[in-house]
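Please read it beside the model.

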Amino acid sequence: MTDKTALVTGANKSIGYETARRLGKAGYRVWLGSRDRERGEAAAAELRQKGHDVRVLDIDVASDASVKAAALRVLQEDGRLDVLVNNAGILGGPVLAPSEEPVDVIKDVYEVNVFGPIRTTQAFLPLLKAAPRANVVMVSSGLGSLGGLTDPANEFYAINILGYNSSKTALNAATVAFSKELAAADIKVNSADPGYTATDFNGHSGYRTVEQAAEIIVRLATLDENGPTGGYFYDEGPLPW
Ligand SMILES: NC(=O)c1ccc[n+]([C@@H]2O[C@H](COP(=O)([O-])OP(=O)(O)OC[C@H]3O[C@@H](n4cnc5c(N)ncnc54)[C@H](OP(=O)(O)O)[C@@H]3O)[C@@H](O)[C@H]2O)c1
């Protein structure tokens, strides 16, 4: 067991829930981030039944006020945070050609997928710095890999979603930027690609399970001081940016 604390955003279901479960199993005190109190409480009740130490944290990553209030609560109750998993993410509206995707939809996607992890990381930074050392995981996607998307042999080459894909590319850039600044504070920041996973996100069309998806996220969330920072990883190793 450990007295370490972890926050997973968007943890009321799917990949975030499974990540919270795994961190709970590893002995972390888990803050289960949810933008909806009832959904969060239902998920937390399930995890507590399995014996995990879980508290619900109201957090809508698209809202400055919500993220600030969440950071204040964790400060008051724990005074520190050892692990931050920026998991909450959205696909946006129906998939359209880049020339047809409304800018307003793209802005909404960026608000959650890019500005969400940036504002959450910034707001929780004093808490991460208060831990002996800390890990931040940005839940990215293989669809954020420009190397992958420009390779005709890549299995996702034809998935050309302007807002979502570029939001994850931008998120990867945030990983690089934060990792450089925070290395001196012993805070590691890495991007994880959970792979194409059956969740509500894609109408359960993915071919991976949430257990498989959470594997790389949990691995990066629990790195020790010798682990990498500023990287972008799938289960099997580094991905091209
Ligand atoms: N599934 C895949 O194939 C796949 C592949 C690569 C990457 N990913 C990434 O993995 C992450 C999790 O995806 P998933 O498949 O588990 O998706 P999901 O089933 O749609 O779950 C997304 C979670 O994020 C929450 N969320 C959405 N907007 C939020 C906001 N503004 N503030 C706080 N929470 C918010 C949702 O809450 P509600 O329940 O309230 O909506 C839900 O808990 C995402 O970042 C996604 O981009 C997924």
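1. How do the residues of the lining of the largest pocket divide into nonpolar, polar and charged? They divide into 18 nonpolar, 16 polar and seven charged. Ala, Val, Leu, Ile, Met, Phe, Trp, Tyr, Cys and Pro count as nonpolar, Asp, Glu, Lys and Arg as charged, and the others, Gly among them, as polar.

2. This is a predicted model: local features need pLDDT of at least 70, side-chain atom pairs count only at pLDDT 80 or more, and totals for chains, interfaces and linings use all residues. Residues are numbered from 1 along each chain as its sequence is written, and side-chain values use heavy atoms, with hydrogens and water left out.

3. The largest pocket holds about 1100 Å³ of space. Its lining has 41 residues; G89, I90, Y164, T199 and F201 lie nearest the centre. (A pocket is an open set of points on a 1 Å grid over the protein atoms alone, where a 1.4 Å probe fits, with protein on both sides within 12 Å along at least five of seven lines; lining residues have an atom within 4 Å of a point. A volume is the space filled by probe spheres set on the points.)

4. The ligand takes up the largest pocket (more than half of its atoms lie within 2 Å of the pocket's grid points). Around the ligand are 29 residues, the closest being S14, R35, N87, Y164 and T199 (a heavy atom within 4 Å).

5. Ligand oxygen atoms lie 2.8 Å from a side-chain N or O atom of N12 and 2.9 Å from one of R39. A polar backbone atom of I15 is 3.1 Å from a ligand oxygen.

Notes: A polar contact is a pair of N or O atoms within 3.5 Å; within protein, one must be able to donate a hydrogen and the other to accept it, and residues adjacent in sequence count only if both atoms are side-chain atoms.
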